[in-house]
Amino acid sequence: MSENKLQLRLVTHMCPTHPVELYELIAELLEESLNCFTVLQYESRSPGPVPSRPDPFQQNYIDIGFMTAAAYMKMKKDNKFIELLPVTPVFAHQMNVENKPGYFSDIIIHSDKKAHNVNTLLDLRGCTFAYSNENSLSGSKIVLKTLREKGENASFFGSLLKSGSHLASARMVLSKQAEWAAVDSTTLLNCKNDMHDGGKEIITLETLGRLPPYPIVVNSRLSETIKDSITKALLNITKISEWKNRFTKFGIIKFENNSDKCYDGPAAQMWSIQKETLNIRYY
């Protein structure tokens, strides 16, 4: 009977960075593959569980969570109620010629900046910078890391505009509120479709990365059978043309294996060791 069906409770913290329709599609896939019901929550206030609220995994409110790599790295060591699902989406990108997991940070400017001899990241010294939040790997941390490697520091920035999301950062560049931004490459891939003239006035100046894969986190209380079924359903989308085509619309080529080692080493150092912040000035 339908009332006895498994119900999976999903939450995405990846919107509006990613289109919510992508996570609706994942929910639909799981319903069909696992013969279950799904409920999807949309939580845009935080890149992971909201710090001021009870932990939804500890409270057993959530079965599957989609969050940023930075949010996962912050909570994975201290939360016994979560574990990484060993699967992650692989997105199309001009730099991802090997179709590997992980994503990039695209440094974007308005096309008008090209007329002012802006050709590299270093040409943006003193320009107004839009960023999603201070802890974003693609929106701020990798920018600071790259500037440090080039002998720069936070004095490089002119005005700073905290946008609240990668999508908002891209829109600020398009409307010329900001002169440049660093945005999640999948945001740029998806949001250009909804912009005037396909967002052709936004130019990718440079691409930074590769950054760690997008983590899919599951409640550790789920049975191994259910976790395995979720993993297989995602890995198998390329075997069914209908599902493959539907995911391709969001730039997803396939789902690939993932593991915790992807969030250690250089990735963890970028997130936790780097001390520079955007709003510190060095004179």
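This is a predicted model: local features need pLDDT of at least 70, side-chain atom pairs count only at pLDDT 80 or more; totals for chains, interfaces and linings use all residues.
Begin by selecting Leu8, Leu124, Val143, Trp180, Ile230 and Phe247, which, among the 71 residues of the largest nonpolar core, touch the most other members.

Next, centre the view on Leu8 and, leaving aside its neighbours within four places in sequence, display its contacts, which include Leu30, Leu34, Phe37, Val39, Ile64, Leu222, Ile226 and Ile230, together with Cys36, Thr38 and Asp63.

Now turn to the open sheet of five strands, whose order is 8-7-9-6-10 and whose pairing is mixed. Strand 8 (160-162) and strand 10 (202-211) stand at the edges, and each has a single partner strand, so one side of each is left without a neighbour in the sheet. From one strand to the next, the twist averages 25 degrees.

Within this sheet, select strand 6 (residues 103-110) and strand 9 (residues 180-184), which pair in the antiparallel sense over five bridges. Which residue of strand 9 is the bridge partner of Ile109? The partner is Trp180, a residue already selected as one of the core members with the most contacts to other members.

Finally, show helix 3 (residues 137-149), which lies across strand 6, strand 7 (129-131), strand 9 and strand 10, and runs at about 80 degrees to strand 10. Helix 4 (residues 166-174) lies across strands 6, 7, 8, 9 and 10, and its direction is at about 150 degrees to strand 9.

How values were computed. Residues are numbered from 1 along each chain as its sequence is written. Side-chain values use heavy atoms; hydrogens and water are left out. A nonpolar core is a set of buried Ala, Val, Leu, Ile, Met, Phe, Trp, Tyr and Cys residues joined through side-chain atoms within 4.5 Å. Buried means under 20% relative accessible area, exposed over 50%, partly exposed in between (1.4 Å probe, protein chains only). Contact means heavy atoms within 4.5 Å. Two strands pair if DSSP finds at least two bridges between them. Helices (H or I, at least four residues) and strands (E, at least two) are DSSP runs, numbered from the N terminus. Axes are lines fitted to C-alpha atoms, for helices over the stretch in contact, and angles run from 0 to 180 degrees between N-to-C directions.
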